[in-house]
Amino acid sequence: MGLWQRFLGLFSKDIAMDLGTANTLLYTRAGGIVVNEPSVVALDAQTREVLAVGHEAKRACGRTPGRIRTVRPMRDGVVADFDVASLMIISFIRKAIGRLGLVKPSMLICVPRGITQVEKKAVIDAALAAGAVKVSLIEEPMAAAIGAGLPVTEPKGSLIADIGGGTSEVAVITLAAVSASQSLRTAGDRMNELVLRMLRERYRLDVGENTAERIKIAIGSAMPVPGLEDMQVAGKDLVAGVPRTFTVKAEDVREALAEPVEEIAGAVMRTLERTPPELAADIYSNGFCLAGGGALLRGLAELLCERTKLRVFLAEDPLTAVLRGTAKAMLNRQAFQDVFIA
Ligand SMILES: Nc1ncnc2c1ncn2[C@@H]1O[C@H](COP(=O)(O)OP(=O)(O)OP(=O)(O)O)[C@@H](O)[C@H]1O
Ligand SMILES: [Mg+2]
C-alpha cells in the first residue's frame with residue numbers, strides 16, 4: 001500500500017463488522033480491532049433507554065432489578081430484535097469512530113451463510129439505521145477461511161468449520177465460492193443451555209446463563225480429557241430454595257455437551273460426503289480448519305480428527321478469525337471481489 005493511500009486510510013470511515021450472536025467485533029483501518037464485546041444491551045424496560053452495551057451489559061445479565069432488561073438482539077446468528085440491534089450497532093460504531101460527522105461509514109458485515117433474504121435485509125437495515133451509508137455482506141465461513149489464511153481464491157479445496165454462539169457452519173471453499181456446506185443453529189449457546197439443564201436435573205442446582213457458560217469454558221469437553229478437575233459452582237439449591245455450592249463433575253458437563261458435539265461432527269461428515277472428489281483430495285492432504293469460539297472447546301478438534309481421519313487445526317485466535325477475514329476482504333476489495341454478496 002502506498003504512503004498516500006495509507007494517509008487517506010486514516011480518514012476513511014470504513015468499518016468491517018462481525019455481528020455475532022455472542023460477540024460483536026469491529027475493525028477500522030486506522031485502529032485495527034476497535035470493538036470486541038458481547039452482543040448484549042441493557043435497557044430501561046419502560047423508557048427503552050440504553051443503559052449499557054457489551055461487556056458491562058453482559059456482566060449485568062441475570063442480575064438486574066425488574067426495571068432493567070438485558071437483551072441479546074442477535075439469536076441463532078440473526079437479528080431477533082431489530083430496534084435493539086440497531087441501538088447496539090450505533091453504540092459500537094460510536095466506540096469505533098466517534099460520533100458520526102459528515103463522513104458516514106460504509107460497512108462490510110459478515111452474516112451466517114444459512115440465513116434467509118429477509119434476515120439479510122434485517123442486518124442491512126439495522127446498519128443503515130445505525131448510520132452506515134453503504135453496506136455489503138460477506139458469508140461467515142468465507143470470512144473465517146480468509147481470516148484463517150486458507151487459499152480461498154485459488155482452485156484448491158479448503159474446508160472450514162466456524163462454531164460460534166448461535167450457528168455452526170461448515171463449508172468447502174474453492175475459487176472464492178462455496179462448493180458444499182452445512183449450517184446448523186446449534187453452537188455455543190445451545191451448549192450453555194444444556195449445561196444449565198443438566199445442573200437442574202442432576203444436581204438440582206439453578207444457575208444463570210453466564211455461570212453455565214463459565215462452567216462450559218472451565219471444565220467442558222467434547223471427549224474425555226485427562227486432568228480435568230471438578231468445579232465448585234455456586235447457585236440456588238432447587239430443593240431447599242437457598243444459595244449453595246455444589247461440586248460439578250467435568251464428566252457430567254461432557255455428557256451434557258455430547259448432543260451438540262455430535263451434531264457438529266455430523267455436519268462435517270455430511271459436508272465431506274457432498275464434496276466433489278478433486279476438492280476432497282485437497283482436503284485429504286491439507287486437513288481442515290476450525291474457527292469461532294466453539295472451536296476452543298477442549299477435545300473438539302481431537303474428536304473431529306477421530307471421526308473424519310483427517311488432520312484438524314485451529315485458526316490462529318479463533319474468536320477473531322471471522323473479523324480479521326472480513327477486514328482483509330474489505331482492505332483488498334480487488335482480490336476478494338467475488339466473495340461479496342449483494
Ligand atoms: N474456551 C472455550 N471453550 C468452549 N467454548 C468457548 C470457549 N471460548 C468461547 N466459547 C464459546 O464460543 C461462543 C462465541 O463464539 P463466537 O464469538 O465465535 O460466536 P459469534 O460469532 O458471536 O456467534 P455466531 O457466529 O453464531 O453468530 C460462545 O458460545 C462461547 O461460550
Ligand atoms: Mg461468528
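A crossing of two helices is called left-handed if the near helix is turned anticlockwise from the far one by less than a right angle, and right-handed if clockwise. By that rule, H3 and H4 cross in the right-handed sense. The model is a predicted one, in which local features need pLDDT of at least 70 and side-chain atom pairs count only at pLDDT 80 or more, while totals for chains, interfaces and linings use all residues. Residues are numbered from 1 along each chain as its sequence is written, with chains lettered from A and ligands numbered from 1 in the order in which they are written.

Two packed helices are described by the angle between their axes and the distance between the axes. The axes are lines fitted to C-alpha atoms, for helices over the stretch in contact, and angles run from 0 to 180 degrees between N-to-C directions.

Back to H3 and H4, then. Helix H3 (residues 82–97) and helix H4 (residues 117–129) have axes that come within 8 Å and cross at roughly 50°. The pair is therefore oblique; the labels are roughly parallel for angles under 35 degrees, roughly antiparallel over 145, roughly perpendicular from 65 to 115, and oblique for the rest. H3 brings Phe82, Ala85, Ser86 and Ile89 to the contact, and H4 brings Ala122, Ala126, Ala127 and Ala129, where contact stands for C-beta atoms, placed from the backbone, that lie within 7 Å. Sorted by class, that makes seven nonpolar, one polar and no charged residues (Ala, Val, Leu, Ile, Met, Phe, Trp, Tyr, Cys and Pro are nonpolar; Asp, Glu, Lys and Arg are charged; the others, Gly among them, are polar).

Val261, Ala265, Val268, Met269 and Leu272 of H8 face Leu300, Leu303, Leu304, Arg307 and Thr308 of H10, a contact with eight nonpolar, one polar and one charged residues.

On to the sheets, where two strands pair if DSSP finds at least two bridges between them. One open sheet has five strands in the order S13-S12-S11-S17-S18, and its pairing is mixed. Strand S13 (177–184) and strand S18 (312–314) sit at the edges with a single partner strand each, so one side of each has no neighbour in the sheet. Ignoring direction, neighbouring strands are turned by 20° against each other on average. Strand S11 (residues 158–163) and strand S17 (residues 288–291) run parallel and are joined by three bridges, with Ile160 opposite Cys289 in S17. Helix H5 (residues 140–147) packs on this sheet, touching S11, strand S12 (168–174), S13 and S17, and its direction makes about 110° with that of S11.

H5 has a helix partner too: its axis and that of helix H11 (residues 321–331) come within 6 Å and cross at roughly 85°, which makes H5 roughly perpendicular to H11. Residues of H5 in this contact include Ala143 and Ile146, and those of H11 include Val322 and Arg324. The contact splits into seven nonpolar, three polar and three charged residues.

A further open sheet has three strands, ordered S5-S4-S6, with antiparallel pairing. Strand S5 (50–53) and strand S6 (68–71) are the edge strands, each with a single partner, so one side of each lacks a neighbour in the sheet. The twist averages 20° from one strand to the next. Four bridges link strand S4 (residues 41–44) to S6, and Val41 has Val71 of S6 as its bridge partner.

Conventions
Two residues are in contact if their C-beta atoms, placed from the backbone, lie within 7 Å. Helices (H or I, at least four residues) and strands (E, at least two) are DSSP runs, numbered from the N terminus.
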